[in-house]
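This report describes selected features of one protein model. It treats a pocket, a helix contact and aromatic pairing in turn.

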Amino acid sequence: MSRLHTNITLVTKFVLQGFSEHPEHHALLFSCFLSLCSVALTGNTLIILAIALNSGLHTPMYFFLFNLATMDIICASSVMPKALEGLVLEENSISYGGCMAQLYFLTWAASSELLLLTVMAYDRYAAICHPLHYSTAMSKAFCGTLAAGVWALCAFNTAVRAGLMLRLDFCGPDVITHFFCEVPPLLLLSCSSTYVNSIMLVLADAFYGILNFLMTIVSYGFIISSILKMRTAEGKKKAFSICSSHLIVVGMYYTAVFYAYISPVSSYSTEKSKLAGVLYTMLSPTLNPLIYTLRNAEVKAALRKLFPFFRN
């Protein structure tokens, strides 16, 4: 579908290629994606309820986990419905406005999660390296400011990137080689200059991917150094236990990001991007609540208290 604009025919909808090149796997993929969607939404909702309704979990670590679960719900909700639809329908189309909206909410949630993981690393650094000053350093007001800053900064950055995307013309073809609206394949479809968009994409990759990753690595460098200096084996075990869940999530998330997006638009790989997309929009929101609950006695206790059917 198209519209006329200064003698140029512009597209008004896009077709999401999804996994149409593998129709024989659609039934299996639909079952897997539906299961992932159900577990992601249910698991993260339960974490939000457990933290919100249990005063014992009103600490900085769980406050940030509450925010992470919210971001996971936004991320999964913005992608999974269209992905599932594409596995059922012969052609999975999305309006121009719908595509821009999906791009906005997905980018907002994904970038916020990267920034929040760095904030959570700093929280663990403060707790382990400066335990005597932790309650003062990570006060409720400061934690609230950090979380609000993450949401606001990423919302502003995403709005700027969305505005740059809206200024582009799309004259056709209209097939997005992905199962959701993503910046690199959209830039490849544009019939106008994408130079500014490409520069912004590189800057965003550098900030959200590389800089945040380095800050997280530095935080854990200090954390590991402090843990190794502890005199008791019990203290070391407890400290490693506190950090292990966060480290697993960080490793999983950054693996997907580096695998797909720390590269120029010109070297964009469809298959590689789809695989990474599954990892950070479906698998990560599904595994995050499992990792944080299965390895955390306090969260499990809160869930059992709120929902008796969780008792063994």
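What is the volume of the largest pocket?

## The largest pocket

In this predicted model, the largest pocket has a volume of about 400 Å³. Its lining consists of 21 residues, and those nearest the pocket centre are M61, Y62, I242, N296 and E298. Two or more lining residues are contributed by each of helix 2 (60-88), helix 3 (96-129), helix 8 (233-261) and helix 10.

By residue class, the lining of the largest pocket comprises ten nonpolar, six polar and five charged residues.

## Contact of helix 1 with helix 10

Helix 10 (residues 297-306) also takes part in a contact with helix 1 (residues 26-53): the two axes come within 9 Å and cross at roughly 85 degrees. Because angles of 65 to 115 degrees count as roughly perpendicular, helix 1 is described as roughly perpendicular to helix 10.

On the helix 1 side, the contact involves L46, L49, A50 and L53, which meet A302, L303 and L306 of helix 10. The residues of this contact are seven nonpolar, with no polar and no charged residues.

## Aromatic pairs

Across the whole structure, a search finds 17 aromatic pairs. One of them is formed by F19 and F179; this pair is stacked, with 5.3 Å from centre to centre and 25 degrees between the planes.

The F19 and F179 pair links distant parts of the chain, its members being 160 residues apart. F19 lies in the loop between strand 3 (13-16) and helix 1, whereas F179 lies in the loop between strand 5 (175-176) and helix 6 (183-189).

How values were computed:
Residues numbered from 1 in each chain as written. Predicted model: local features only at pLDDT ≥ 70, side-chain atom pairs only at ≥ 80, totals over all residues. Heavy atoms only, no water. Axes fitted to C-alpha atoms, helices over the stretch in contact; angles between N-to-C directions. Helix = DSSP H or I, 4+ residues; strand = E, 2+ residues; numbered from the N terminus. Parallel < 35°, antiparallel > 145°, perpendicular 65-115°, else oblique. Contact = heavy atoms within 4.5 Å. Nonpolar A, V, L, I, M, F, W, Y, C, P; charged D, E, K, R; others polar. 1 Å grid on protein atoms, 1.4 Å probe; cavity = no way out; pocket = protein on both sides within 12 Å on 5 of 7 lines; lining within 4 Å. Points joined across faces, edges and corners; volume = space filled by probe spheres on them. Phe/Tyr/Trp six-rings, centres within 6.5 Å; stacked < 30°, edge-to-face > 60°.
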